Amino acid sequence: ADMVPLQGSNRVLTRWGLLMMRASTNEGVQSLLAAQGLEQKNLRASDVSFGIAPMLNAVGRLAHASTAVDVLTTLQKPLVTEAVSELAELNRKRQRIQKDIVNEALEAIAEEPSLPPVVILKNESWQRGIVGVAAGKCVETHYRPTILFAEDGERLIGSARSIKGFSIFHALNACSAHIDEFGGHDMAAGLTITKSNFDAFKDAMLAFANEHLDNPVPSVDADVELSIDDIKNINIDSFEQLAPFGIGNKTPIAIMKNVKVDDVKRMGKEGAHLNMRVGNSSGRVRCVWWGKGDVADTLSRGATIDIIGKLSVNEFRNRKSIELDLQDIALPSA
């Protein structure tokens, strides 16, 4: 599974494909939906990209992709149920390995005297099929282009992820004298180098980045400023007609200024996520910040804040409401 711009024929195929998956008689598709708890839901593009696709991709990263092909093409129950369980377990294993790689990478970054313009790390224990997604997580943490290498004999197999405004493909091209092979695009790439060339490659990449990257700072651009009343008055059926959202048809981003925190707490496993409501007794909007549960400890009921996030539809007990998937929070005085 991969990502494409949701425009033109891609948008048509995705919209109708999501509708048809619910009604599909393919036992593999139905088993995949059931494994993600999606069999009774109206599917969204995000259900595929964050739920089903990682299961299909994990087997190719850790075992052999033929299992995923069999699930979608030939297997019948009960074999398909067993195969989907295998995919789910491999995806959980992928998540554990990814977490370990990210933690080890972040520890190595923390040991640097200062944050480099491009993070470049290698480790003999890292798995080549997972360094790419781990590099993406490092970018989310430090907002620096990141290249992580896994060892393969005398070669280093690397995966790169970048940030807006810095083409990692052009950067690799500038350092090609030290690379055996590479390919990709502005935001992501793969490469292979000889172990003995690692230091020379790293020096060349850092030199290039020092010339073309000036202390980047992450930013989020809002599409619209909304009040509590504005969000409560959004016609959900009309909003859902804008979907499917993704590359090329991004989810609308709204900023809300000077809103009061009505309730704030952690949620999820080990309190990993922030669950907050802003507003008052006359109207509230739920806000979720994935992976930012620690922010709950810095906020209190009654605090006045600015927030920015993606508009999304939450469905609970057959009741739909608009909420915000937060991207950032700021105090008005900040």
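Tutor: Let's start with the labels: helices (H or I, at least four residues) and strands (E, at least two) are DSSP runs, numbered from the N terminus. This is a predicted model, so local features need pLDDT of at least 70 and side-chain atom pairs count only at pLDDT 80 or more, while totals for chains, interfaces and linings use all residues. Residues are numbered from 1 along each chain as its sequence is written, and side-chain values use heavy atoms, with hydrogens and water left out.

Student: Okay, where is proline 244 found?

Tutor: Look at the peptide bond from alanine 243 to proline 244: it is cis, with omega near 5°. As for its place, helix H10 (236–240) and strand S7 (253–267) have a loop between them, and proline 244 is found in that loop.

Student: And which residue does a cis peptide bond join to lysine 77?

Tutor: Go to the loop between H4 and H5, where proline 78 is found. With omega about 5°, the cis bond joins lysine 77 to proline 78.

Student: Let's move to helix H2 (residues 27–35). Which of its residues are buried?

Tutor: Buried means under 20% relative accessible area, exposed is over 50%, and partly exposed is in between (1.4 Å probe, protein chains only). In H2, the buried residues are Gly28, Val29, Ser31, Leu32 and Leu33.

Student: What do the buried residues of H2 pack against?

Tutor: Think in terms of contact, meaning heavy atoms within 4.5 Å. The partners of the buried H2 residues are helix H1 (8–23), helix H3 (45–62), helix H4 (66–73) and helix H5 (79–110).

Student: Which residue caps the N-terminal end of H2?

Tutor: Here we need a polar contact: a pair of N or O atoms within 3.5 Å, where within protein one must be able to donate a hydrogen and the other to accept it, and residues adjacent in sequence count only if both atoms are side-chain atoms. The backbone nitrogen of glycine 28 has a side-chain oxygen 2.8 Å away, and that oxygen belongs to the capping residue, asparagine 26.

Student: What follows H2?

Tutor: Check the backbone angles there. Phi is positive, near 70°, in the residue that follows H2, glycine 37.

Student: What is phi of asparagine 215?

Tutor: Asparagine 215 sits in the loop between helix H8 (198–212) and strand S6 (224–225). At 55% relative accessibility it counts as exposed. Its phi is positive, in a residue other than glycine, with a value near 40°.

Student: Is arginine 317 buried or exposed?

Tutor: Arginine 317 is in the loop between S10 and S11, and its phi, near 55°, is another positive value in a residue other than glycine. Its relative accessibility is 73%, so arginine 317 counts as exposed.

Student: How far apart in space are lysine 122 and phenylalanine 198?

Tutor: Lysine 122 is in strand S1 (residues 119–123) and is partly exposed, at 39% relative accessibility. Leaving aside neighbours within four places in sequence, its contacts are Phe149, Leu156 and Phe198. Lysine 122 and phenylalanine 198 are 76 residues apart in sequence, and the C-alpha to C-alpha distance is 8.9 Å.

Student: Which backbone oxygen does the side chain of serine 162 reach?

Tutor: Serine 162 is in the loop between strand S3 (155–161) and helix H7 (168–174), and at 6% relative accessibility it counts as buried. Beyond four places in sequence, it is in contact with Val139, Pro145, Ile168, Asp186 and Met187. At 2.6 Å, its side chain reaches the backbone oxygen of phenylalanine 166.

Student: Last one: how many disulfides are there?

Tutor: A disulfide is a pair of cysteine sulfur atoms within 2.5 Å, and by this rule the count is zero. Take cysteine 175, which is buried at 2% relative accessible area: its nearest cysteine sulfur, that of cysteine 138, is 19 Å away. Cysteine 287 is buried too, at 0%. The number of disulfides, then, is zero.
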